[in-house]
Amino acid sequence: MEKIHILTDSAADIPEAQVEAHGIEITPITVTHEGRTFREYYDITAEEYWKLLETSREIPATAMVTPAQFLDSYRRAAERGCTHILGVLINGNGSGTYQAACMARDMFYDEYGRDMRIELLDSQTYTFIYGHIVVLAAELRDAGDSFEAILSVVKSRLNRVEAFLGVYSLQHLKKSGRISGGAAFVGEALGLKPVSHVYAGAVNVCDKVRGEKALVSGIIKKVSARVVQPEKQTAILLYGDVPDERVDELEKRLFTEIGFMGVTRCPIGPSVITNTGPQAIAVAFYGPPRV
């Protein structure tokens with residue numbers, strides 16, 4: 001009989017209630033700020049971290065999950081009699097966490113053999129964009145689905161999920177060096193707000209709108225052009241430290257203008273918000289399959 005263990009990293013931003021309800025293992029990415037180190041998910045909340053980031057004069061450093069941490073996880077699963085592990089992890093283009101998990105798998109197989117199957121998937125994305133798929137995998141396992149069936153669903157979902165991300169302020173991107181001081185100055189002077197497509201392992205600016213009020217409209221326009229059968233899916237509304245009225249407006253328009261079946265809100269956690277800055281908002285959804 002199959003005994004399936006499901007794990008991910010803390011960048012998946014899965015709410016604690018869902019982690020506890022489904023027994024999902026969260027391996028923590030660490031964040032170091034002014035000599036203090038925090039384990040994402042375990043030691044600091046998203047909201048606490050937003051405030052820290054807004055008042056900090058330096059950009060905190062994030063560190064991937066190590067091979068040793070993953071190896072310990074695999075050993076514990078084997079000791080509990082697990083026959084399968086499914087790990088869905090942060091975009092390998094943006095973190096070494098996925099590669100660390102693969103290294104640990106090789107080490108485990110060398111030490112224990114291959115009686116326990118370990119499947120690791122590079123989500124090619126960030127935050128609850130893949131976190132909600134991890135939760136789905138755990139729900140399917142709890143419902144008695146086979147490992148192969150769960151793996152098939154997860155791969156299909158990862159192949160179709162995408163997001164559009166908007167940033168209200170360029171100051172954090174300037175501070176982190178992701179854009180030049182000159183570009184930030186011009187952008188702020190003109191009131192430009194970038195919209196990025198989070199897709200297939202990349203985050204690329206695909207549009208710039210002028211003014212804060214236009215950012216929600218810009219995201220709605222982009223999502224509308226890409227989403228497939230919104231009436232049959234739930235949008236994921238991701239947000240940082242932005243005014244409630246902006247989040248409320250975006251949620252309302254996802255229903256009224258695009259016709260999503262539902263909308264789930266999720267705050268963006270430390271390892272991702274470190275790169276975007278706290279004034280970020282995004283929508284994840286399912287589009288056409290990637291070729």
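User: Hi! Which residues line the largest cavity?

Analyst: Hello! In this predicted model, the lining of the largest cavity consists of His132, Val161, Thr234, Ile236, Ala284, Phe285 and Tyr286.

User: Thanks. How much space lies in there?

Analyst: The largest cavity holds about 30 Å³.

User: And how many cavities of 30 Å³ or more does a search of the whole structure find?

Analyst: One cavity of 30 Å³ or more turns up when the whole structure is searched. Two elements give two or more residues to its lining, namely β11 (234-239) and β13 (280-286).

User: Which element gives the largest share of the lining?

Analyst: That is β13, with three residues.

User: OK, β13 then. What sheet is β13 in?

Analyst: Strand β13 belongs to an open sheet of six strands with mixed pairing, ordered β10-β9-β8-β13-β11-β12. The edges are taken by β10 and β12 (262-267); each has a single partner strand, so one side of each has no neighbour in the sheet. From one strand to the next, the twist averages 20°.

User: How many bridges pair β8 and β13?

Analyst: Seven bridges, with β8 and β13 pairing in the antiparallel sense. As an example to look up in the viewer, Gly166 has Ile281 as its bridge partner in β13.

User: What about Gly166 on the β9 side, which residue is its bridge partner there?

Analyst: In β9, Gly166 is partnered by Val195. Strand β8 (residues 161-167) pairs with β9 over four bridges, in the antiparallel sense.

User: Is β9 mostly covered or uncovered?

Analyst: Strand β9 (residues 192-199) is mostly covered, with six of its eight residues buried.

User: And how many bridges join β9 to β10?

Analyst: Eight bridges join β9 to strand β10 (residues 202-210), and the two run antiparallel. Tyr199 is the residue opposite Ala202 in β10. The two strands make a hairpin with two residues between them, and Ala200 in the turn has a positive phi of about 55°.

User: What is Leu86 in contact with, leaving aside its neighbours within four places in sequence?

Analyst: Leu86 is in contact with His5, Ile6 and Leu7, with Glu119 and Leu121, and with Ala137, Phe147, Ile150, Leu151 and Val154.

User: Good. Now the other sheet, what order do the strands come in around β3?

Analyst: There, three strands form an open sheet in the order β4-β3-β5, with antiparallel pairing. Its edge strands are β4 (36-39) and β5 (61-63), each pairing on one side only. The twist in this sheet averages 25° from one strand to the next.

User: How many bridges join β3 to β4?

Analyst: Four bridges join strand β3 (residues 30-33) to β4. Within that pairing, Val31 has Phe38 as its bridge partner in β4. The hairpin of β3 and β4 has two residues between the strands, and Glu34 takes a positive phi near 50°.

User: And β3 to β5? How many bridges there?

Analyst: Three bridges, again with the strands running antiparallel. Thr30 has Ala63 as its bridge partner in β5.

User: Which β3 residues are on the covered face, and which on the uncovered one?

Analyst: Val31 and His33 make up the covered face, while Thr30 and Thr32 make up the uncovered one. In general, side chains in a regular strand alternate between the two faces of the sheet.

User: Last one, the start of the chain. Is Met1 buried or exposed?

Analyst: Met1 counts as exposed because its relative accessibility is 99%, and the cut-off for that is over 50%. Met1 is in the segment before β1 (4-9).

User: How far is Met1 from Cys82, going by C-alpha atoms?

Analyst: Their C-alpha atoms are separated by 9.7 Å, though Met1 and Cys82 are 81 residues apart along the chain.

Methods. Residues numbered from 1 in each chain as written. Predicted model: local features only at pLDDT ≥ 70, side-chain atom pairs only at ≥ 80, totals over all residues. Heavy atoms only, no water. Pairing = 2+ DSSP bridges. Axes fitted to C-alpha atoms, helices over the stretch in contact; angles between N-to-C directions. Contact = heavy atoms within 4.5 Å. 1 Å grid on protein atoms, 1.4 Å probe; cavity = no way out; pocket = protein on both sides within 12 Å on 5 of 7 lines; lining within 4 Å. Points joined across faces, edges and corners; volume = space filled by probe spheres on them. Buried < 20%, exposed > 50% of the residue type's maximum accessible area, 1.4 Å probe, protein only.
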